[in-house]
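The exercises below concern a two-chain model. Each one has a task sentence and a solution in steps.

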Amino acid sequence: MTVSPSRFLRNVLREEAFYFFTSIGNYTGQSASSLDEFLLKIKEVNIKSLEFHLYREDFEKWIAQTLGDAKLAEDIKGLRNLKVVGNALRDRLYFVVSRRLKDLKSMLQPSK
Amino acid sequence: MKIKGQRVALDDLDWQILRLLQENAKLTYTEIGNKLDMAHSTVYDRIQRMEEHGIIKKYRAVVDLEKAGLQQIMALMTIYTEPKESEHIANKLAKFSEVLELSSSFSEELVINAKVVSQDQPKLHAFIAHSIAPLPGVLRIRTSIITKKYKEETSQPLL
């Protein structure tokens, strides 16, 4: 059974959103309720937050378990294995997510 | 102890009884009477009245959880909120068993302060991420994990 890309692109409930922390218990005030919003936040949040969540595997878990996108979760896991940090991490994460978003949105276009 | 309308006025003997009970709630009426040079029936009567009026709220054991073998971590949270949501957020927080103490304070902005307990750091983080951060009006959260206690009073001193 194939899952519609619209499922991966949907807005989730407030309780299911991704909340960005910089360390245990330190919430930045930034959150994302969809993949589109997640992409925007990658550009905005403190780099410490991206490092904190990537190496805790929080991004993969949220994308796989809440949004249901196993493909993107796997791509992010690959990024984690590269052990990138700092702005290189921000750029690569942005690239991986934006590429997937573009693919998902193109799948939604009616075929000509 | 005198009652004036809704207010209760304690005299010196009542305060002395309270101080002794705060130190050791297991003292008997006779022991308190001996320490204060008064009849145990008088002590009984005063304690009864203070219990009835809610001045003495309860008696409890102070457990050393570490010695009892229970591993827990404590953290102090500062929760920055939208001012109009502050009261609502505090009421929600008060319902969580993990929250031991809760207050609001004001320095440069109004914040909610909470002392929370958890089994370990992952559980503490999950509690904050899934139960507190999603509350409408929460702007950001700062959390410090307590690493060492230098002093801990379980009751407020009667100055």
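The model is a predicted one.

**Exercise 1.** Locate B:Asp37 and state what its backbone angle phi shows.

Solution. 
1. B:Asp37 lies in the loop that links helix H2 (29–36) to helix H3 (40–52) of chain B.
2. Its phi is positive, about 60°, although B:Asp37 is not a glycine.
3. For exposure, the cut-off is 12 or fewer other C-beta atoms within 10 Å. B:Asp37 has 6 C-beta neighbours inside 10 Å and therefore counts as exposed.

**Exercise 2.** Carry out the analysis for A:Glu57: where is it, and is it buried, partly exposed or exposed?

Solution. 
1. A:Glu57 sits in the loop between helix H3 (47–56) and H4 of chain A.
2. Its phi is also positive, about 70°, and A:Glu57 is not a glycine.

**Exercise 3.** Describe the fold of chain A by its elements and its overall dimensions.

Solution. 
1. Chain A contains 6 helices and 2 strands.
2. Along the sequence the order is α-β-β-α-α-α-α-α.
3. Along the principal axes, the C-alpha atoms of chain A fill a box of roughly 45 × 30 × 25 Å.
4. Of the 112 residues in chain A, 28% are buried.
5. Taking contacts in chain A between residues at least 6 apart in sequence, 55% join residues at least 24 apart.

**Exercise 4.** Characterise the packing of H5(A) against H6(A).

Solution. 
1. Two packed helices are described by the angle between their axes and the distance between the axes.
2. The axes of helix H5 (residues 70–81) and helix H6 (residues 86–108) of chain A come within 10 Å and cross at roughly 160°.
3. Angles over 145 degrees count as roughly antiparallel, and H5(A) and H6(A) are therefore roughly antiparallel to each other.
4. The crossing of H5(A) past H6(A) is right-handed.
5. On the H5(A) side the contact uses A:Lys71, A:Leu72, A:Asp75, A:Ile76 and A:Leu79; on the H6(A) side it uses A:Arg92, A:Leu93, A:Val96, A:Val97 and A:Arg100.
6. Sorted by class, this contact has 6 nonpolar, no polar and 4 charged residues.

**Exercise 5.** Which residues of H4(A) meet H5(A), and how are the axes arranged?

Solution. 
1. The axes of helix H4 (residues 58–67) of chain A and H5(A) come within 8 Å and cross at roughly 170°.
2. H4(A) and H5(A) are therefore roughly antiparallel to each other.
3. H4(A) contributes A:Phe59, A:Glu60, A:Ile63 and A:Ala64, which meet A:Ala70, A:Leu72, A:Ala73, A:Ile76 and A:Lys77 of H5(A).
4. The classes in this contact are 7 nonpolar, no polar and 2 charged residues.
5. A:Leu72 and A:Ile76 are named in the contact with H4(A) and also in the contact with H6(A).

**Exercise 6.** Summarise the side of chain A that touches chain B.

Solution. 
1. In the interface, 11 residues of chain A are in contact with 15 residues of chain B.
2. Strand S1 (18–23) and strand S2 (26–32) of chain A each supply at least two residues of that side of chain A.
3. S2(A) gives the most, with 4 residues.
4. By class, the residues on this side of chain A are 5 nonpolar, 4 polar and 2 charged.

Key: Residues numbered from 1 in each chain as written. Chains lettered and ligands numbered in written order. Predicted model: local features only at pLDDT ≥ 70, side-chain atom pairs only at ≥ 80, totals over all residues. Contact = placed C-beta atoms within 7 Å. Nonpolar A, V, L, I, M, F, W, Y, C, P; charged D, E, K, R; others polar. Buried ≥ 20, exposed ≤ 12 C-beta atoms within 10 Å, placed from the backbone. Axes fitted to C-alpha atoms, helices over the stretch in contact; angles between N-to-C directions. Parallel < 35°, antiparallel > 145°, perpendicular 65-115°, else oblique. Left-handed = near helix turned anticlockwise from the far one by under 90°.
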